[in-house]
Amino acid sequence: MIRFIINRLLQGLLVLFALYTITFFLAKAMPGEPFTTEKNISEEAKAYQRALYGLDKSMLEQYLRYPINIVTEGSFAVSTSKGRPVRDIIAQSFPNSLILGLSALGIAICIGVPLGVISAMRKNSWVDWGSMSIAMIGICVPAFTVGPLLQIYIAAHLPGLKVAGWGSPIDIILPALTLGLTTAAYLARLTRGGMLEILSQDFIRTARAKGVPSNKLITRHALRGGLLPAIAFIGPSFAALISGSFIVETIFQVPGMGQHFVNAVIARDEFLLLGVALFFGFLIVIMNLAADILTGILDPRVRLDSNQK
Amino acid sequence: MPLLEVNNLRTYFHTRNGIVRAVDGVSFSVEKGKTIGIVGESGSGKSVSCYSLLGLLPMPPGRIESGEAIFDRNTDLLSCGEKVLRTVRGKRIGMIFQDPMTSLNPYMRIADQIIEPLRLHMGMDKGSALKKAIHALDEVGIPEPDNRITMYPHEFSGGMRQRVMIAMALITNPEILIADEPTTALDVTIQKQILDLIKKRQKELGTAVIFITHDLAVISEICEDVNIMYAGRIIERASATELFANPRHAYTRSLLKSIPANQTKGEKLYTIPGLPPDTSQIIPGCAFRERNQIGDQSKCLTDSRPEFKEIEPNHWAQDCPGCLS
């Protein structure tokens, strides 16, 4: 198990390095440079700025210096557009995205999984048909439609809820709902599929022949296997949820991390861009690993450590 | 009064391509402690008959159209409802299945699966249920049962899993054990062990067994009474000794003739030509007519289904002149 985790973490390091390389050169390939503005700045000032951020060095030197600085100094460079260390920017905005993402995931699991289980139990009934139609709509309707609809029809009418803003805990509800509904829809469909697959297995018939009542049939015999597809999906999508969504953050004015993905590109702020991209990559690697470990716990046939036995 | 008496059971599947008459008027009875066999080709309705009894069929598309199955004088398994049926399933009637590789839950430890009937039906606490389960595994010949009980099914071989299934089905001392082709998925040496085990446990517990198979050798080994099924009906019934010595129906004779061991070496093996009839079509006459080579095909009934009659004392068969000649 330990060996498996170490192996996967080393692989993850390789993935992150590849991600860094691609992001680095794509950022360099962007037209213009961080100090291109509408204002007329003298060449001397620009040269001074470049030297300050180390952007006057050769491409190869820059490419090597960034990861070396991360390892030796723990420094993720300084954002050229904000003039603050990238680490501080992430440290400040990530907690907001984390809270929002966790709430969204909570909503997604609480809605999606039961809906999927019920649909599978009542296959081809109106319950199944209805919830799967809603799930399909949930997948198809984008956040920039759901968000404003919630603002207009719910926030505007319920006292206590604000149309936008990020201050009191109650402000989490609407953005989390917007963010979570799509994931809930995917989860519902995956759970239904997984449960149907399991419910058609021979061992379910064995359990029924033992006289297991139908509620225990679901909870004890079917759920473990039926949730596996959903768990494989939750891993990476959890990383996406907690690293912030530009659209949801913009609609509800949440000071999260998602805005930086877009704003860094607009500002040609390559250090901020590298920082958030690598952080997102790191989350994906960790969450995928967590999903695999969870799968190994749920399904005893999956042996994580191939060397064992 | 027999322990279980099935009368005129009809189970139909209502599918998009019409009504499949999988079981079409089957009657049989099981005496206490005795073994009856149900033999037939794939699709002849033998498994569906038994699944119908325990309410294990997916409904829809399955539907029990008629019949009764009187268990222990007063319970009609077909009409008693799910709640009563659940107190019978796994407690008074146990069941083992064809494929031991897929019939055990791969996500649960053997221990949790095997104590489930005890916990559900006997209200035993976990500790004493586990003790009994370990004992049960020991009785079906699993070495180091207290160690192996904590393992998962994938850590067992096919034969071992079938032993676990048998231990699990018999752990509540059921009055009837339904064995649905329990040896089909196993190789021959293991088959013999499993058959011997079923016989041994049956003797010790006094359980009646309904043994479903398509293997006549297995039937001759284990059963007292044999029912031959074809196209959803029983076409011949007799004691095992009588049936093998004096088969009457052309289908039974064809089955016996197609056993490889009964044929001359070097000659082409005999097989029954054609396929079993499509039970989604109404068969007006004798269902075996088109494949009948041994009897007299021209004399087979074409306008009415042959009646199931006692043609000799304790020897029943479908009364079709073509098939009996």
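At what angle do helix H10 and helix H13 of chain A pack, and how far apart are their axes? The views below come from a predicted model.

**View 1. Helix H10 packs with helix H13 in chain A.** H10 spans residues 228-242 and H13 spans residues 270-298. The angle is about 160 degrees, and the axes lie 8 Å apart. Angles over 145 degrees count as roughly antiparallel, so H10(A) is roughly antiparallel to H13(A). The crossing is right-handed.

**View 2. Residues at the contact of H10(A) with H13(A).** H10(A) contributes residues including Leu228(A), Ile231(A), Gly235(A), Phe238(A) and Ile242(A). Among those from H13(A) are Phe280(A), Leu283(A), Met287(A), Asn288(A) and Leu298(A). By class, the contact has 16 nonpolar and three polar residues. Charged residues are absent from it.

**View 3. An open sheet of four strands in chain B.** The strand order is E2-E1-E4-E5, with antiparallel pairing. E2 (18-30) and E5 (75-76) are the edge strands of this chain B sheet. Each has a single partner strand, so one side of each is left without a neighbour in the sheet.

**View 4. Strands E1 and E2 of chain B.** E1(B), residues 4-15, pairs with E2(B) over 10 bridges in the antiparallel sense. Arg10(B) stands opposite Asp24(B) of E2(B).

**View 5. Chain B meets chain A.** Chain B gives 22 residues to the contact and chain A gives 19. On the chain B side, helices H2 (82-88), H3 (100-103) and H5 (116-122) each give two or more residues. H5(B) supplies the largest share, four residues. The chain B side divides into 10 nonpolar, seven polar and five charged residues.

Notes
Residues numbered from 1 in each chain as written. Chains lettered and ligands numbered in written order. Predicted model: local features only at pLDDT ≥ 70, side-chain atom pairs only at ≥ 80, totals over all residues. Pairing = 2+ DSSP bridges. Axes fitted to C-alpha atoms, helices over the stretch in contact; angles between N-to-C directions. Parallel < 35°, antiparallel > 145°, perpendicular 65-115°, else oblique. Left-handed = near helix turned anticlockwise from the far one by under 90°. Contact = placed C-beta atoms within 7 Å. Nonpolar A, V, L, I, M, F, W, Y, C, P; charged D, E, K, R; others polar.
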